[in-house]
Amino acid sequence: MSGRLTHLVKSSLRNPLYAYHTLLGKLKETFRFDYRFMNGYSFLPDTIRIDLTYRCNLRCKICFEFGEDVNELIKEEKPEKIKELPFGNLISFIEEVRSFKPTLYLSGGEPLIYTNILELIECIKEKNLYCLINTNGILLKEFAQALVDLSVDKLVISIDGPEDAHNLNRGKTFNKIIEGIKYLNSQKRIRKTIFPLIRINSLITPFNSEHLMDMVNIAEELEAESLSFQHPMFANEQMRKSYVEGKRDKAINGINILGFTYEGSINIGAILDQAKIIESKKSKLTIYFYPSIKLGDLHYYYNNLDYEFKKVCYTPWRKVMVTPTGEIGPCVHYPLGNITRDRFKTLWNSPGYRAFRNAIKKNGLFSGCERCCLREY
């Protein structure tokens with residue numbers, strides 16, 4: 001049984017709400033009826049990603065949003081300069097979408113520094129919605145008791161390898177994250193619950209490509225449910241210039257997707273060797289790589305941006321992104337409305353959204369889409 005399938009089965013048994021989403025999503029993925037036949041119209045999305053803030057307490061070297069000096073912790077901005085949605089707008093939005101029960105994926109930036117994060121989670125769980133939070137883990141110990149008490153469904157926590165390899169990308173944060181996860185697990189035991197489930201996400205970087213097997217041992221020791229290895233989102237210098245520089249005047253909240261320029265320093269041979277061992281290894285963990293690339297295609301993925309794995313993207317039919325200012329669309333650089341003024345169900349199949357879907361279906365990927373980690377294909 002493949003890693004992803006095992007993961008789906010285990011998670012579904014532990015959480016009936018997840019089972020509902022899984023079954024519905026698999027049916028849509030199998031038949032893609034709306035993609036094939038509905039001329040830009042789409043069924044309602046499975047997942048809504050809400051980037052609560054683009055503030056972050058780290059500056060990782062490999063980061064598609066910032067990509068600055070790893071040791072430069074972000075300075076707290078003055079409240080009047082922070083452009084983030086009023087809490088009331090988010091609550092109204094969640095109330096509007098609750099009827100079709102999407103997964104709410106809270107991200108950022110670092111979502112745990114969002115001012116009203118606990119009140120937001122409480123609202124989501126009161127409405128019986130699946131809540132997944134993507135965090136760098138720095139504040140995990142501080143929030144552990146609340147996350148358990150509020151029954152958050154899953155945490156995706158970033159660890160990029162053993163201590164030295166992790167710290168090269170994320171600064172000296174490894175021990176603090178490990179301490180936070182252990183404390184979270186102790187709180188789960190005290191309350192006799194398995195939630196939140198833990199997925200460790202390990203971004204493959206030039207610093208850790210030879211340490212993937214170490215991550216399996218670390219994730220097992222931390223009692224994680226699953227471990228994902230993420231192939232990085234990147235561009236070459238030419239693509240970065242044409243995409244990022246071309247979007248500069250229209251940049252949203254100051255982030256630059258594809259800001260990481262890859263120059264060939266990842267050990268692909270080491271990834272291949274370890275991936276084969278990991279596939280054959282018996283583990284309590286569900287382990288998978290994403291995007292799901294055939295091992296024989298890895299050299300092309302990293303070394304040839306012109307190589308077309310699949311020149312399609314199903315994300316505009318399945319997911320939606322909301323930025324900290326309320327911009328909403330299939331991608332942070334292609335907003336098609338704003339939740340402060342647009343009703344979601346009207347916007348989802350609006351003329352603009354349908355035109356976007358038809359354009360990407362007819363013409364293939366846009367510039368900069370080739371290595372997007374949010375792309376479904």
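1. Lys-127 has a relative accessibility of 15% and therefore counts as buried (buried means under 20% relative accessible area, exposed over 50%, and partly exposed in between, with a 1.4 Å probe and protein chains only). Lys-127 forms a salt bridge with Glu-95, the closest N and O atoms being 2.7 Å apart (a salt bridge is a side-chain nitrogen of Lys or Arg within 4 Å of a carboxyl oxygen of Asp or Glu). The pair links distant parts of the chain, 32 residues apart: Lys-127 is in the loop between α5 (117-126) and β3 (131-135), and Glu-95 is in helix α4 (residues 87-97). Helices (H or I, at least four residues) and strands (E, at least two) are DSSP runs, numbered from the N terminus. Glu-95, at 38% relative accessibility, counts as partly exposed. A network of salt bridges links Glu-95, Arg-98 and Lys-127.

2. The model is predicted, and local features need pLDDT of at least 70, side-chain atom pairs count only at pLDDT 80 or more, while totals for chains, interfaces and linings use all residues. Residues are numbered from 1 along each chain as its sequence is written, and side-chain values use heavy atoms, with hydrogens and water left out.

3. Side chains of opposite charge can pair when their charged atoms come close. The structure holds 14 salt bridges. One of them joins Asp-34 to Arg-318, with the closest N and O atoms 2.9 Å apart. This pair links distant parts of the chain, with Asp-34 in helix α3 and Arg-318 in helix α13 (residues 315-318), 284 residues apart. Both Asp-34 and Arg-318 are buried.

4. A further salt bridge is formed by the side chains of Glu-179 and Lys-141 (2.8 Å, N to O). Here too the pair links distant parts of the chain: Glu-179 is in helix α8 (residues 174-190) and Lys-141 in helix α6 (residues 140-149), 38 residues apart. Glu-179 is partly exposed, with a relative accessible area of 40%, and Lys-141 is partly exposed at 41%.

5. Which residues form the aromatic cluster? Phe-93, Phe-100, Phe-344, Trp-348 and Tyr-353 form one aromatic cluster. Rings of Phe, Tyr and Trp (its six-membered ring) pair if their centres lie within 6.5 Å; planes under 30 degrees apart count as stacked, over 60 as edge-to-face and the rest as tilted. By this rule the count comes to 10 aromatic pairs. The rings of Trp-348 and Tyr-353 have centres 5.0 Å apart and planes at 55°, so this pair is tilted. Both Trp-348 and Tyr-353 are buried.

6. Charged side chains over rings also deserve attention. A charge sits over a ring if NZ of Lys or CZ of Arg is within 6 Å of the ring centre and within 35 degrees of the ring normal. Arg-357 lies over the face of Trp-348, at 4.4 Å from the ring centre. Lys-361 lies over the face of Tyr-35, at 4.9 Å from the ring centre.

7. Arg-354 is placed in helix α15 (residues 351-363) and, at 21% relative accessibility, counts as partly exposed. Leaving aside neighbours within four places in sequence, Arg-354 is in contact (heavy atoms within 4.5 Å) with Asn-39, Gly-40, Tyr-41 and Asn-349. The C-alpha atoms of Arg-354 and Asn-39 are separated by 7.4 Å, although these residues are 315 apart along the chain.

8. Most residues other than glycine have a negative phi, and most peptide bonds are trans. Asn-39, in the loop between α3 and β1 (47-51), has a positive phi near 55°; Asn-39 is exposed, with a relative accessible area of 57%. Lys-101, in the loop between α4 and β2, has a positive phi near 50° and counts as partly exposed at 28% relative accessibility.

9. A cis peptide bond joins Gly-108 and Gly-109, with omega about 25°; Gly-109 lies in the loop between β2 (103-107) and α5. The peptide bond from Tyr-290 to Pro-291 is also cis, with omega near -10°. Pro-291 is in the loop between β7 (286-290) and α12 (298-303).
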